[in-house]
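Student: I have a structure open and would like to learn how to read it. Can we go feature by feature?

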Amino acid sequence: MQFGVFSVGDVTTDPTTGTTVSEGERIKAMVRIALKAEEVGLDVFAQGEHHNPPFVPSSPTTQLGFIAARTSKIILSTSTTLITTNDPVKIAEDYAMLQHLADGRVDLMMGRGNTGPVYPWFGQDIRNGIQLAVENYALLRRLWREDVVDWEGKFRTPLQGFTSTPRPLDDVPPFVWHGSIRSPEIAEQAAYYGDGFFHNNIFWPMSHTKRMIELYRTRFEHYGHGAADQAIVGLGGQVFMRKNSQDAVREFRPYFDNAPVYGHGPSLEDFSRETPLTVGSPQEVIERTLSFRESVGDYQRQLFLMDHAGLPLKTVLEQLDILGEEVVPVLRKEFAALKPAHVPDAPTHASLKAAAERARDLETIEEPIR
Amino acid sequence: MNEKVIAVVTAGLTTPSSSRLLADQLADAVRDELSGRGIGTRIELIEVRDHAHELTDNLLTGFPPAKLREVLETVTGADALIVVSPTFSASYSGLFKMFFDVLDDQALAGKPVLLAATGGTERHSLVLEFALRPLFAYLKALPVPTGVYAASTDWGPNAAGLRPRIAQAAGELVSALHHETPTQADPFENPTPFEDLLNS
Ligand SMILES: Cc1cc2nc3c(=O)[nH]c(=O)nc-3n(C[C@H](O)[C@H](O)[C@H](O)COP(=O)(O)O)c2cc1C
């Protein structure tokens, strides 16, 4: 199982001090968080893509390329790549390029983006969100898999004899997760292609997450990619930890109360009951995270949101120490002990490359002897 | 004996609430009307005030907390609705509107609804026609022709005038119950096959 962190990249005033970091400081802080994630033994760093303040990461491959140069093990991913408003041609190029620079340590999570005003800035309309995700992704897949593409669709200029460069590393396209919160169509899309499905459940009740994952698993099996329990599932999580539970609650409450998205709404206690948010001791985080498996089955990727709502970098780095030292090692052991042998791990560049080579060998063996 | 489930949504704020009083009288009238036709009634009463915080939470987080979720399911699962709003500033109250704002906009499609409101002055009785009716038309519900508005005076000297309006509206709601409410396709039970999404 893979463990990691995902960052939205918000610039939010620290409600306890009133200080607001600059965009530059926030960008550097995200890099620092990625390096720390590798240092403490996490498997994945994923970052958001946004084109409106108060968010900084508009250019994820620039940032991930910089991080790639300064890390050696961690998988670089996105949370999410806007498949609706980006040109699929540019996504194909940018991430193939990043794959080469990062020696294959790259995958992507597709997302639609739920900020209405962003769509028209890129010539689109949020009401076409699902259709855009479907068409753009279909094109993206072909650009990575076919050297020369002729293509015509509804949303972008046709392509004639187009080759997206560079070709994916080892001719193995990056693995793709489809991120969704409430659209059954996206679970269907992930299942159809046999791609991964990431339910960004951090602000949602587990009962809903369970339904979405069940749908994805059933349809994954329907499309012949394997048994339902072999589908590739990822979940989010949101935690804040201190040795003593009460200290964690006391320290995190002002950030919670003023947070973008849910601030000024439910109490920390209500929200913790309704969603995966866990504010408490490392042991409580371990127990809560293990409980996700009871709702969705054995899954492959667990990402934690650690750095939003104005938490200072110093605090976030402390949190990553706790996560890496006290929580993830236990979770790794416990999840591994529970997972049956036929449930696969999340694909990586190495595993996809090996699978492609096996498929090629099989083809040669089965070539009839003339 | 078959049974109809009537959800009553009332948004009064005071205790005792005149909106609640009107809601109870409407529910009783509907119960009488149904039993006259040999049909049983289960009344599910929802005081919106009891869910005021949860409604705000829902608007801010995008999902209903557990208790509110149950209430919303009761409303969407009912055979018919009775809705009562106090008149605030010549319209339904904000709290009343919030309740219908967090419902899915298809959730009430085809459902018979009895519209009712209370107010300080009888001069605002058209709140039913100018505020509540368009709202429920938008939600594709089936509001019955007669709405019931009760001003302060309807609880005193004009009380006798209120009774026939309540009976009339209750009769219309029960007649509307013979409509088959269209059941909605569950996208989780019957997802659109991906080939259809690709070709649409
Ligand atoms: C903020 C506010 C605005 C009001 N505006 C109106 C109004 O425009 N017209 C009216 O007839 N009554 C108005 N009223 C009176 C209420 O509609 C009336 O008291 C209602 O019946 C109270 O319902 P309840 O007893 O169920 O809480 C208003 C009351 C409040 C508190």
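This is a predicted model: local features need pLDDT of at least 70, side-chain atom pairs count only at pLDDT 80 or more; totals for chains, interfaces and linings use all residues.

Student: Why does A:His264 count as exposed?

Tutor: Exposed means over 50% relative accessible area. A:His264 has 61%, so it counts as exposed.

Student: Where does A:His264 sit in the chain?

Tutor: Look in the loop between H8 and H9 of chain A. The backbone there deserves a check too. Most residues other than glycine have a negative phi. A:His264 has a positive phi, near 65°.

Student: What is phi for A:Val261?

Tutor: A:Val261 has a positive phi near 80°, and this residue is not a glycine. A:Val261 lies in the loop between H8 and helix H9 (268–274) of chain A.

Student: Is A:Asn258 buried, exposed or partly exposed?

Tutor: A:Asn258 has a relative accessible area of 36%, so it is partly exposed. A:Asn258 belongs to helix H8 (residues 245–258) of chain A. A:Asn258 and A:Ile33 are 225 residues apart along the chain, and their C-alpha atoms are separated by 22 Å.

Student: Now helices. How do I read one?

Tutor: An α-helix has 3.6 residues a turn, so residues three or four places apart point the same way. Take helix H3 (residues 88–101) of chain A, which has 14 residues. From first C-alpha to last, H3(A) reaches 20 Å, close to the 20 Å expected at 1.5 Å a residue.

Student: Which residues of H3(A) are buried?

Tutor: Among them are A:Val89, A:Ala92, A:Tyr95, A:Ala96 and A:Gln99. Find them in the structure and see where they point.

Student: What happens at the ends of H3(A)?

Tutor: At the N-terminal end, A:Asp87 caps H3(A). A side-chain oxygen of A:Asp87 lies 3.0 Å from the backbone nitrogen of A:Val89. Just after H3(A), A:Asp103 takes a positive phi of about 50°.

Student: What about peptide bonds?

Tutor: Most peptide bonds are trans. Look for the exceptions. A:Ser79 and A:Thr80 are joined by a cis peptide bond, with omega about 10°. A:Thr80 lies in the loop between strand S3 (75–78) and strand S4 (81–82) of chain A. A cis bond also joins A:Thr165 and A:Pro166, where omega is about -10°. A:Pro166 is in the loop between strand S7 (159–162) and S8 of chain A.

Student: How do I describe a pocket?

Tutor: Give its space, then its lining. The second largest pocket holds about 370 Å³ of space. Helix H5 (129–145) and strand S8 (175–180) of chain A each give two or more residues to its lining. H5(A) gives the most, with four residues.

Student: How many residues line the second largest pocket, and which lie nearest its centre?

Tutor: There are 21 lining residues. Nearest the centre lie A:Phe175, A:Gly194, A:Asp195, A:Pro347 and A:Leu352. Sorted by class, the lining has 13 nonpolar, four polar and four charged residues.

Student: Last, what does the UniProt record list for chain A?

Tutor: An unreviewed UniProt entry lists "domain: Luciferase-like" for residues 1–297 of chain A. That span is 42% helix and 17% strand, and its end C-alpha atoms lie 13 Å apart.

Key. Residues are numbered from 1 along each chain as its sequence is written. Chains are lettered from A and ligands numbered from 1 in the order in which they are written. Side-chain values use heavy atoms; hydrogens and water are left out. The expected span of a helix is 1.5 Å times one less than its number of residues. Buried means under 20% relative accessible area, exposed over 50%, partly exposed in between (1.4 Å probe, protein chains only). A polar contact is a pair of N or O atoms within 3.5 Å; within protein, one must be able to donate a hydrogen and the other to accept it, and residues adjacent in sequence count only if both atoms are side-chain atoms. On a 1 Å grid over the protein atoms alone, a cavity is a set of points where a 1.4 Å probe fits but cannot get out, and a pocket is an open set with protein on both sides within 12 Å along at least five of seven lines; lining residues have an atom within 4 Å of a point. Grid points are joined across faces, edges and corners, and a volume is the space filled by probe spheres set on the points. Ala, Val, Leu, Ile, Met, Phe, Trp, Tyr, Cys and Pro count as nonpolar, Asp, Glu, Lys and Arg as charged, and the others, Gly among them, as polar. UniProt positions are given in the numbering used here, feature names are shortened, and annotations may be inferred rather than shown by experiment.
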